[in-house]
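Student: I have a model open and would like to learn how to read it. Can we go through it feature by feature?

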Amino acid sequence: MGTSSVIESKGKESQIEEALERNHILRQETQAYLFKSDLLWRAVTQGTREEIELHSKEVRPVNGNNVMRGICERGGEGETILHAAILCRRSFEIITWIATTFEELINEPYRYCEKYYGETPLHMAVVQFGSDVGSEESLVDWLLDNGANPNGEKCTGTEFSGKGDYSYGQTPLHFAVSTGKVAAIHRLLKPVNRSKSDLQEKDNTTQSAFIEANVGDIDTYTGNNVLHMLSQNKDLDRETFKKLFDLLRNKEPRMITQKNQVGDTPIDAGIRAGNVNIIEAMKEVMWGFDERRYRIPLRKLDSLLLSEMKSMAEVEVGKNNPVSMIEIGVANNDPSIITHPVIDALLDWKWQLYAQFIYTTWFLGTFTLVGLVITPTIALQPTTFDRRRTYDFASSSADFWRAVFEVSSLIGATIFFYRGVMELYKKYQRTTFVSLLHEIADATFSFSLLCIPIIRLSNTPNGIHFENILFGLAAIVGWIHLLRFAKVSSRVGPLVIVFSTIITKDLVEWLWIYAPLTFGFAAALYLQMQNVPGQAAAAVAAAAATLADSGAAGGTSSNSVFDWDTYSGSTMWMLRFSFGQAVFDDFRKGESAFLACGLFLVYGFLVIILLINVLIGKLANTFERINEVSKKEWKMQRAPLILDIDEHLSSTTKEFYGSKIGFSEDGEERYFQFTERKNSAAAATAATTSKKKQSEIVQIIVSGEKLAEKISKWKYIEKTPHQLAEKFKWKDVFKNLIERENKKYDSWHSSEKTMC
C-alpha cells in the first residue's frame with residue numbers, strides 16, 4: 001500500500017512520539033519490505049503458526065518496558081499484525097490465535113496513516129470474510145463473540161471516503177452494506193451478549209450487556225446513511241435487496257427521508273446510481289394478501305411529471321438536480337431499467353397516449369421533404385449548369401414545377417437546419433459524438449441544400465459538379481436518416497440496429513485488418529507492375545478493340561493493365577480484387593512474373609478467401625445476437641425517442657398528458673398502481689433454483705380507474721370500456737369485446753378470492 005501518509009500535517013517525528021506514548025513501535029519500512037524481509041511480518045503473511053508465535057513473542061524495549069512485538073509493532077501504514085493477517089486472508093486458525101494471544105489488537109484501528117485511519121480488524125473481516133458468516137470458521141462471528149465492537153472506531157481514512165479507490169463508509173455495517181455482504185449485515189444487526197465476550201474489560205467501556213451495530217450512523221464525508229449505501233449497491237438481486245431495505249428501514253424509519261451532502265434521499269441516490277432494484281424501495285403497499293397491490297410516485301419514474309424537464313444532456317449522476325428512473329436508464333443505456341415491467345408499462349402507455357402520434361407526424365414531415373420534395377427536385381434538374389440557373393416559365397411548364405419544388409426544398413432545408421443547429425447547441429457540451437449523429441445528419445442534409453443557391457448565384461466554374469455532389473449528399477443522408485424512424489417498429493427496428501451495428505462496429509473492426517493488408521500489397525504490386533507496357537489510353541483502346549473483335553458483352557481482357565503506373569491506381573486494383581475483378585494473366589507481365597503472381601495469390605488467400613469469410617461470420621453473429629434480444633433492443637431504442645418527444649413538449653402539453661398517466665388521490669401527487677402475485681411454494685422453489693423471480697406483476701393500472709388484466713402480452717386500456725369506446729367512437733362490437741375481457745378478469749378475480 002506504500003509508505004504511510006502524514007495525518008493532520010504531522011511529521012514523522014510527531015508520529016513516532018505518538019507511537020511511543022502508546023507503547024508502539026512504528027516501523028518506517030513499507031509493507032512490501034516488511035512482508036519480504038522482516039521475520040515477524042513475513043511469518044504473519046505467509047508463515048506457519050509456530051513461526052508467528054516464535055517471532056511475535058519476542059520482546060522490544062518501549063519506554064523502559066519490555067513489550068512483545070506482536071503487541072507493540074505497527075507496520076508502514078500503521079497496521080497491526082492482526083490487520084496484516086486478515087488482509088492476506090490467512091487461515092481461521094492463525095487469525096484467531098493472534099487475536100486470542102494479543103487481545104488488545106481486536107479493537108485496535110489503523111493509526112498514523114491518513115489513508116486507512118480508523119479501520120479495525122472487524123472492518124477488514126467484513127470485507128474479506130463477510131461471505132463466510134454462519135459457517136464454523138466465520139471470522140466475523142468469532143470477532144463479535146470475542147470482543148469486537150461494531151460501534152467502535154470509525155474509519156475516517158481517505159481511501160474509503162470516496163476520495164480514494166473505495167467508498168465503503170465508516171462503520172463495519174457501512175462496509176458490509178457497501179460490499180453486499182448480506183450474512184455479515186444480519187450478523188452485525190444481531191445483538192451480542194457482552195457479558196460472554198467480556199467486552200467491558202477489553203475496551204474499558206461501560207455499555208449495556210447487549211450491543212448491535214448502530215443503523216443510524218452517517219458517513220461524515222458524504223452524508224450517506226446505510227440506506228443510501230444500499231441503494232447504490234447494484235450487485236444484489238431483487239429479493240435480497242428488498243428484504244435488506246425493509247429490514248434497515250424498519251430499524252430506523254427516519255433514514256428514508258434523510259438527505260446526503262448532494263441533497264439526495266436514499267431513493268434519489270438509488271435512481272442516480274441506476275439501480276433498478278430501487279423500484280422495490282419505492283413501492284407503497286395499498287393492500288396485500290396472496291396478491292399485493294402497490295403504488296409508486298410517478299415523478300420518481302417519469303421525467304414528464306418533474307417540475308422542470310431537463311434535456312438528456314443535463315442528466316448527470318451526482319448532480320444536485322431531480323432525475324427520474326427512465327432518464328437514468330436511457331442515459332446509462334441500461335436494459336434492466338428500461339425493460340422492467342413497471343417502466344415498460346409506463347413507456348408503452350406514453351407511446352400509445354401521445355408519443356406515437358407525434359413521432360408519426362415527425363416521420364411524415366421528414367418523408368414529405370425527402371421523398372416528395374427533394375427527390376422530385378433532383379429528377380427535374382436539367383443536364384447543363386446554364387439551364388439550371390435560368391427558368392423559362394412561358395414556354396416550359398417543367399421549369400415552373402422545378403422552381404416550385406426548389407423553393408419548397410429550400411424552405412424545408414431552412415427549417416431542418418435551424419432545428420439541427422439548435423439541438424446541437426443544446427447537447428454538444430455534455431454528450432458524446434455518437435449521440436449527436438441524428439442532429440449532425442439533420443444539419444448536413446439541410447446545409448447541403450442551402451449551399452446550392454449560393455453556387456448558382458456565384459456562377460462558380462464547374463458549378464454543376466459541385467451542385468451534383470451536394471444534391472447527391474443530401475439525397476443519401478436524407479433517405480438514410482429516415483431509417484431512424486424505423487427504430488420504433490418491433491419488426492423493422494431490430495434490422496436497423498443490426499445494420500447500424502455492422503457499419504459502426506463490425507466493419508470498423510474488420511477494416512483494421514483489411515486496410516494494412518491492402519495498402520501493403522498495393523505498394524508491393526505497384527513496384528512489380530509500374531513499368532508494364534500497354535497502359536493508360538493505349539491499353540484502354542487495345543482492350544476496347546479486343547472486346548469489339550470478340551463480341552464480348554463485358555469482362556476484362558489480358559490487356560486490362562490500365563492504371564498500375566501509380567500507387568493510387570494500384571490501391572484501386574486491390575479494392576477491385578476484393579470484388580472478384582482480377583485477371584491473373586496481367587501479373588505475368590510484371591517485372592518479376594513469379595513474384596507478382598505470388599503476391600496476387602497470397603493476397604487473394606488472405607483477403608478474398610480468409611478475411612471476407614471472417615466478415616461474413618461477424619455479420620451472421622451480429623444478426624443472431626441482436627435477433628435473440630430483438631424485443632429488448634427495440635425497447636431500448638424506443639425509450640430515448642419518447643424522452644426526446646417529452647423534451648420538445650410545452651409546459652401546458654406536459655401538464656395535460658401528465659394528467660392522463662396514473663391516478664391521483666389528493667389532486668397533486670400522481671401514482672402508478674400495479675398488482676403483484678406471489679408464486680406458490682413449489683413455484684417459488686423452482687424459481688429460486690432457476691434464478692427466476694418468486695413473484696410476478698399480473699396487473700398494471702396506467703390510467704383511470706379500471707384496466708383489463710394482462711392476457712398474453714402487456715395490453716393497457718385507458719379508463720373504463722364505456723369511456724374508451726365513447727372517447728374514440730369505436731363500434732359497439734369492439735366495445736363488447738372489451739367488456740367481455742373485463743368480465744373474464746372479474747370472474748377470475750372472484751374465483752381467486754373464493755379459493756383463498
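Student: How many of the 756 residues of the protein chain, as a percentage, count as buried?

Tutor: 46% of them do. Buried means under 20% relative accessible area, exposed over 50%, and partly exposed in between, with a 1.4 Å probe and protein chains only. Keep in mind that this is a predicted model: local features need pLDDT of at least 70, side-chain atom pairs count only at pLDDT 80 or more, and totals for chains, interfaces and linings use all residues. Residues are numbered from 1 along each chain as its sequence is written, and side-chain values use heavy atoms, with hydrogens and water left out.

Student: How many helices and strands does the protein chain have?

Tutor: There are 34 helices and 11 strands. Both are DSSP runs numbered from the N terminus: helices are H or I with at least four residues, strands are E with at least two. As for contacts (heavy atoms within 4.5 Å), take those between residues at least 6 apart in sequence: 66% of them join residues at least 24 apart.

Student: What does the largest nonpolar core look like in numbers?

Tutor: The general idea is a set of buried Ala, Val, Leu, Ile, Met, Phe, Trp, Tyr and Cys residues joined through side-chain atoms within 4.5 Å. Here the largest such core has 123 residues, and Ile-98, Leu-173, Leu-248, Ile-278, Leu-301, Tyr-354 and Phe-445 have the most contacts inside it. Helix α21 (residues 341-379) supplies the largest share of this core, with 16 residues. There is also a second, separate core of 20 residues, including Phe-577 and Leu-611.

Student: Which residues is Leu-248 in contact with, leaving aside its neighbours within four places in sequence?

Tutor: Val-177, Leu-189, Val-215, Val-226, Leu-227, Leu-230 and Met-255.

Student: Where is Lys-181, and is Lys-181 buried or exposed?

Tutor: Lys-181 sits in the loop between α10 and α11. It counts as buried because its relative accessibility is 13%. Beyond its neighbours within four places in sequence, Lys-181 is in contact with Val-126, Val-127, Gly-130, Ser-131 and Ala-176. Lys-181 and Val-126 are 55 residues apart in sequence, yet 7.3 Å apart in space, C-alpha to C-alpha.

Student: What about Val-492: which loop holds it?

Tutor: The loop between α25 (463-481) and α26 (493-529). Val-492 has a relative accessible area of 41%, so it is partly exposed. Its C-alpha atom is separated by 9.1 Å from that of Trp-634, 142 residues apart along the chain.

Student: Which loop holds Arg-89, and which holds Asn-333?

Tutor: Arg-89 is in the loop between α6 (81-87) and α7 (92-101), with a positive phi near 55 degrees although this residue is not glycine. Its relative accessible area is 45%, so Arg-89 is partly exposed. Asn-333, also not a glycine, has a positive phi of about 50 degrees and lies in the loop between α19 (325-331) and α20 (335-338). At 53% relative accessibility, Asn-333 counts as exposed.
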